[in-house]
Amino acid sequence: MSVPTFALIGTGAYVPERVLTNEDMAKIVDTSDEWIFSRTGIKERRIAAPQEQTSDMATAAATIALRDAGLTPAQIDLCIVATLTPDLLMPSTACIVQAKLGLPHHTACFDVSAACSGFIYALETAWAMLQSGRYRHALVIGAEKLSTVMDWTDRTTCVLFGDAAGAVVIGPTPAGSTASIVGTKLYSEGENTELLWIPGGGSAHPHLGPGVPPRFMQMKGREVYKFAVREMEDAVRDILEQCNVDADEVDCVVPHQANLRIIDSIAKFLQLPPERFFVNLERYGNTSAASIPLAIDEARRGGRIQNGSLSLLVAFGAGLTYGSALVRW
Ligand code: UT7
């Protein structure tokens, strides 16, 4: 009896209308286009409107992914949202998306918290649940309204991030296709919490006020940079070994869109030319859990990811967490 395989059968993305350029940033904090672009590769990012919530962006991306997969909401029985900026602490953003999309009541809906690695974590979770045989079609969404957790007086963080959403539909491999999720690999380093965190606003410091840590993202950029290069190398090496794939067989690497210099060092490590890497961070900055699904959708629509080709996804983020996945389209 053949084991059923599951594939990414639809993708979608959404970005807010408002563009904030590096020049605009220089009017908010003491920075410059030259500094931001040369250190990160970012030129501009999107900022959601006040009334536009994470669940709205997630719903917009998911609607496009469902249409792309040729499915209706009634055919979805699993919905996972990866986010570090949920609409509310309770209930999950996935439940809010369920109501907005009209997903059936037998759909399992929950959020995954793994920061910028969240999409890979959610992908692995959905894949395992589908392989259990108890679910058939999953929506996996990465969505962030990071502009709400930025300290807009801190130039070391606020220039880096943006708002967006990306979504994929995972379902049984269509007849006649070789598409499938080939493998996934997840890691965490919980001892490094304070390198990248939002210290206030959770149960440790629920009440904001004088002397209490703020509900803003704080980061030791240098250390996170070194961690990202070191561990993304491990993540790509391990997934290639695990799936018995040579780096050269990978048609398109879709890395977490945080910093072009980090992506360049992964390209050198894999000994792959830069053309094999999909990069859109110059237009969106770092959109955390939305970064990879947003990039995947653009890469597919732009012809950089073709049916039959092999993609390597790799991410790192707060936790610290990191992970990788191989996907045949
Ligand atoms: O999804 C995971 C999210 N995290 C990341 O991706 C972060 C990974 N780290 C990085 O990408 C880089 O470390 C940064 C882009 C954050 C910073 O680049 P860097 O080359 O590591 O710079 P640095 O932090 O060592 O700062 C160098 C200088 C400092 O000034 P001094 O002390 O040398 O006088 C900073 O104060 O640059 C200054 N600086 C800025 N200057 C202008 C820091 N931020 C800015 C800014 N504009 N926005």
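In which loop is Pro91 found? I find Pro91 in the loop between β4 (78-82) and α4 (93-101). Helices (H or I, at least four residues) and strands (E, at least two) are DSSP runs, numbered from the N terminus. The peptide bond from Met90 to Pro91 is cis, with omega near 0°.

A note on the source. This is a predicted model, where local features need pLDDT of at least 70, side-chain atom pairs count only at pLDDT 80 or more, and totals for chains, interfaces and linings use all residues. Residues are numbered from 1 along each chain as its sequence is written, and side-chain values use heavy atoms, with hydrogens and water left out.

Backbone, continued. I noted a cis peptide bond joining Gly319 and Leu320, with omega about -5°. Leu320 has its place in the loop between β12 (310-317) and β13 (321-328). Asn244 is not a glycine, yet has a positive phi of about 55°. I traced Asn244 to the loop between α7 and β11 (252-255).

Next, the ligand. I looked up the 23 residues around the ligand; Thr31, Arg39, His256, Asn259 and Asn286 come nearest. Near means that a heavy atom of the residue lies within 4 Å of the molecule. This shell divides into 11 nonpolar, 7 polar and 5 charged residues. Here Ala, Val, Leu, Ile, Met, Phe, Trp, Tyr, Cys and Pro count as nonpolar, Asp, Glu, Lys and Arg as charged, and the others, Gly among them, as polar.

I then checked polar contacts (pairs of N or O atoms within 3.5 Å). A polar side-chain atom of Trp35 lies 3.2 Å from a ligand oxygen atom. A backbone N or O atom of Arg155 is 2.9 Å from a ligand nitrogen atom. For Gly221, a backbone N or O atom lies 3.0 Å from a ligand nitrogen atom. The elements giving two or more residues to the shell are α2 (33-40), α6 (155-158) and α7 (221-242). The largest share, 4 residues, comes from α7.

Why does the ligand lie between domain 1 and domain 2? Domain 1 (6-172) and domain 2 (180-328) both give residues to the shell, so the ligand lies between them. The domain bounds come from an automatic or database domain assignment.

How values were computed. A polar contact is a pair of N or O atoms within 3.5 Å; within protein, one must be able to donate a hydrogen and the other to accept it, and residues adjacent in sequence count only if both atoms are side-chain atoms.
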